[in-house]
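Colleague: I would like to go through this model and ask what stands behind the terms used for it. Please give the cut-offs as we go.

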Amino acid sequence: MAKYKAAIIGLGRIASTIDDEVEGSSYLLPWGHMPSYLQVPEIEVVAAADSYAEQRETFGSRYGLSNLYADYREMIEKERPDIVSVCISTKPRAEVVTAIAAMGTGVKAIWTEKPIATSLAEADSMVAACRSAGIKLAINCLRRWDPWYNKVREMIDSGAIGRVHQVNVYASGEFSHYSHAINLARYLAGGNGRVSWVFGEMESEEKAGSDDDLGGYGYLAFDNGVRGFLRVADLESKTWLYNESDVLGSDGRIKIPADWEFELWQRADGDRRMQLCRYYFPRPQRIESAGVRTVRDLVQCIETGKEPNSSGDDGLHDLEVAIALRESHRQGGRRVDLPIADRAQRIISAEDIWFQVPRALAGERPP
């Protein structure tokens, strides 16, 4: 018997069909929200909502769900779910999350997509509203729940590579929409992952002068003394082939030359020349997809009061780092300290620029 009721808002790609795109790749499935819920016996998805009738019909047919709504508010009021997935685009995300938090219907956890919001003010309101309502807010930066990346963090915390000096993350995307890059750098840096100050250089002067999502270079100074380097290449460049990361410690390193390929390098025993040798990377003993582990983590959050692995505070800090990097560029490469005083600062996520209707209806990104 299910212990908790879940409901989904926004029935497109990440809610439903993304697993079809990545099947046969290195990704562990299920990944989408609905497929992940179906793998956890404690959860029953009782309803779903989308303003587009075509998406409601397709979703209902695929999963045999007839309890479908055009108005998410009506769904929340009638169904009283414990967990709500918010799978809509960035632009309306803050409004929907804060509205759910204000309804007082007993929602205990919200699992929403990244980036958390468009502006810092919106993100602030989401975090504050959920905290006030006693709702656990999770931002879907999936590597925080992936068993392999969790193993990397466990090894970092245990001192397997000594004291961490530097983290490098390379990715294709944009700083806001592909907030995985900033979020991952913060995770691999250890400690609380908080960034004290940054230097940034953006790829495009035009985008740096606007609020549009963008790629570029970032230098991060963390509270715990670790330093980080980011290279996030705007997808429009079509010349950056690298999605990898590297954690450099005093006694070794963990290299991830591509997502879900892991190498452990440690100081060779008895070698005075300080050479590194490659060792076996310990395989996680229980392997479930990041999506399933997210759902299990939400259950644990409800039952124990812990914070999600990637929380609302994490999503807010990721956005703040992205904005700080852009502000550094605007100021001629000057250091920018966090937190940022002007909470009206924003980045319009790439998905809101590319798609005026959901991707499932619009097709892939326009040329």
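Modeller: A contact means heavy atoms within 4.5 Å. This is a predicted model, in which local features need pLDDT of at least 70 and side-chain atom pairs count only at pLDDT 80 or more, while totals for chains, interfaces and linings use all residues. Residues are numbered from 1 along each chain as its sequence is written, and side-chain values use heavy atoms, with hydrogens and water left out.

Colleague: Which residues does I83 touch?

Modeller: Leaving aside residues up to four places away in sequence, I83 touches K5, A6, A7, Y37, I43, A109, L298 and I302. I83 is in strand β4, residues 83-86. Strands (E, at least two residues) and helices (H or I, at least four) are DSSP runs, numbered from the N terminus.

Colleague: Why is I83 called buried?

Modeller: Buried means under 20% relative accessible area, exposed means over 50%, and partly exposed is in between, with a 1.4 Å probe and protein chains only. I83 has 0% relative accessibility, so I83 counts as buried.

Colleague: How far is I83 from M103 in sequence and in space?

Modeller: The two are 20 residues apart in sequence, and their C-alpha atoms are 14 Å apart.

Colleague: What makes R80 partly exposed?

Modeller: The relative accessible area of R80 is 39%, so R80 is partly exposed. R80 sits in the loop between α4 (72-79) and β4. R80 also has a positive phi of about 50°, although R80 is not a glycine.

Colleague: Where is W260 found, and why does W260 count as buried?

Modeller: W260 is in the loop between β12 (252-258) and β13 (261-267). Its relative accessibility is 13%, so W260 counts as buried. W260 is another residue other than glycine with a positive phi, near 65°.

Colleague: Why is helix α8 described as largely enclosed by the rest of the structure?

Modeller: In α8 (residues 180-188), 9 of the 9 residues are buried, so the helix is largely enclosed by the rest of the structure. Among them are H180, N183, R186 and Y187. Just after α8, G190 takes a positive phi of about 80°.

Colleague: What is the strand order of the open sheet of 9 strands?

Modeller: The order is β14-β13-β12-β11-β7-β10-β9-β8-β15, with mixed pairing. β14 (276-279) and β15 (336-337) each have a single partner strand and stand at the edges, so one side of each is left without a neighbour in the sheet. Two strands pair if DSSP finds at least two bridges between them.

Colleague: How do you know that β7 and β11 pair?

Modeller: There are 6 bridges between β7 (residues 164-172) and β11 (residues 244-249), and the rule asks for at least two. These two strands run antiparallel. V169 stands opposite S245 in β11.

Colleague: What is the order of the open sheet of 6 strands?

Modeller: That order is β3-β2-β1-β4-β5-β6, and the pairing is parallel. β3 (68-69) and β6 (136-139) are the edge strands, each pairing on one side only. β5 (residues 109-112) is joined to β6 by 4 bridges, and the bridge partner of I110 in β6 is L137.

Colleague: Which peptide bonds are cis?

Modeller: One of them joins L29 and P30, with omega about 5°. P30 lies in the loop between α1 (13-22) and α2 (33-37). The bond from K114 to P115 is also cis, with omega near -10°, and P115 is in the loop between β5 and α6 (120-133).

Colleague: How do you know that the radius of gyration agrees with a compact globule?

Modeller: The radius is taken over C-alpha atoms, and the globule rule is 2.2 Å times the number of residues to the power 0.38. For 367 residues a compact globule would have a radius near 21 Å, and the protein chain has 21 Å, so the value agrees. The C-alpha trace spans about 65 × 50 × 40 Å along its principal axes.

Colleague: What share of the protein chain counts as buried?

Modeller: Of its 367 residues, 55% count as buried. Among contacts with a separation of 6 or more, 70% come from residues 24 or more positions apart. The protein chain has 13 helices and 15 strands.
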